[in-house]
Amino acid sequence: MTEIADRSVTGVRCRDLDVRQAGFWNIRMRDAWIQDVEIDGDVENLRINGIDVGPLIEAELDRRYPLRPKMRPTDLAGFREAVDILETLWARTATRARALPPELLHERVDDEWSFVQTLRHLLFATDIWISRAILGNPRPWHPLGLPFEEMEPHPEIPVDHDARPFLDEVLTLRAERYALLRRVLDDLTPEGLVATTEPVEGPGYPPAGRYPVAKCLTTVLNEEWQHRLYAERDLDALESRRTR
């Protein structure tokens, strides 16, 4: 990754750029002209003309998606409700996907993950935050799991970007992960929810350390929520391709 730091880019014009997997920190722009810019990602402490737009964006997203605030639970009942919501929403998304030719589900849209790859990434997310971080399994990953692309490769962690499993195969694995998540929540006490995990040694992510249990669970909820939106967006494009 190229790093640009401690530079002045006064007078520079940027146009027709495609920026992916990038991070911007401590950026100050004065007398800037910004037009026709689309930003999709995690945005914090972004001030435009003196206004922190982060809370405004969050409020608008909550307005557009009334179930979104449910992904920020504070107790076990809220976490269980969030899982119910996600499973229901994903079932609808899977129904849409089944209506498409199987080969389309392996096609990338706008150079993002394919529909099946998105599901494979969520397998990995559950494996690392639930099986590894909370349950202490140092090597929980399934061969079809797909790590986030910024993760450092390791020979003990399987990564097969070219695998083309059937949708039903991946959905079966997804159902197993949901069942595991429910078991964890059923066994968890209110005291356990506010506790921290025990460090897990061995290669992989997250690194060995103590993590708030609630944060591990919330990370999975947010991954599930956001990637379903991506999947729905991409299904729109795939359905459009099919009708051309």
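**A friendly note on the aromatic pairs and their surroundings**

1. The structure holds four aromatic pairs. Rings of Phe, Tyr and Trp (its six-membered ring) pair if their centres lie within 6.5 Å; planes under 30 degrees apart count as stacked, over 60 as edge-to-face and the rest as tilted. In the pair of Tyr65 and Trp225, the ring centres are 6.1 Å apart and the planes stand at 85 degrees, so this pair is edge-to-face. Tyr65 sits in the loop between helix H1 (54–64) and helix H2 (76–98), while Trp225 sits in helix H6, so the pair ties together parts that are 160 residues apart in sequence.

2. Before going on, a word about the model. This is a predicted model, in which local features need pLDDT of at least 70, side-chain atom pairs count only at pLDDT 80 or more, and totals for chains, interfaces and linings use all residues. Residues are numbered from 1 along each chain as its sequence is written, and side-chain values use heavy atoms, with hydrogens and water left out.

3. Are Tyr65 and Trp225 buried or partly exposed? Tyr65 is partly exposed, with a relative accessible area of 31%, whereas Trp225 is buried at 6%. Here buried means under 20% relative accessible area, exposed over 50%, and partly exposed in between (1.4 Å probe, protein chains only).

4. Now for another pair. Trp129 and Tyr211 form an aromatic pair that is edge-to-face, with 5.9 Å from centre to centre and 90 degrees between the planes. Trp129 belongs to helix H3 (residues 115–134) and Tyr211 to the loop between helix H5 (190–193) and H6, so the pair ties together parts that are 82 residues apart in sequence. Trp129 is buried, with a relative accessible area of 12%, but Tyr211 is partly exposed at 22%. Both residues belong to one aromatic cluster, formed by Trp129, Phe148, Tyr205 and Tyr211.

5. The peptide bond from Tyr205 to Pro206 is cis, with omega near 0 degrees. Pro206 is in the loop between H5 and H6.

6. Let us step back to the whole protein. Its secondary structure comes to six helices and two strands, and from the N terminus on the elements run β-β-α-α-α-α-α-α. Helices (H or I, at least four residues) and strands (E, at least two) are DSSP runs, numbered from the N terminus. The C-alpha trace spans about 55 × 50 × 40 Å along its principal axes. Of the 244 residues, 37% count as buried.

7. How much do contacts link residues at least 24 apart in sequence? Among contacts between residues at least 6 apart, 70% join residues at least 24 apart. A contact means heavy atoms within 4.5 Å.

8. Which residues does Glu224 touch? Not counting residues up to four places away in sequence, Glu224 touches Leu86, Trp90, Leu122, Thr126, Arg174 and Tyr178. Glu224 is in helix H6 (residues 213–243) and is buried, with a relative accessible area of 4%. A polar contact of 3.0 Å joins the side chains of Glu224 and Trp90. Such a contact is a pair of N or O atoms within 3.5 Å; within protein, one must be able to donate a hydrogen and the other to accept it, and residues adjacent in sequence count only if both atoms are side-chain atoms.

9. Leaving aside neighbours within four places in sequence, Leu119 is in contact with Trp90, Leu167, Val170, Leu171 and Arg174. Leu119 counts as buried, at 0% relative accessibility. From C-alpha to C-alpha, Leu119 and Tyr230 are 11 Å apart in space, yet 111 residues apart in sequence.

10. Finally, two residues to check in the backbone. Asp31 has a positive phi of about 50 degrees although it is not a glycine. Asp31 lies in the segment before E1 and is exposed, with a relative accessible area of 85%. Asp111 has a positive phi of about 65 degrees, and it is not a glycine either. Asp111 is in the loop between H2 and H3 and counts as exposed, at 54% relative accessibility.
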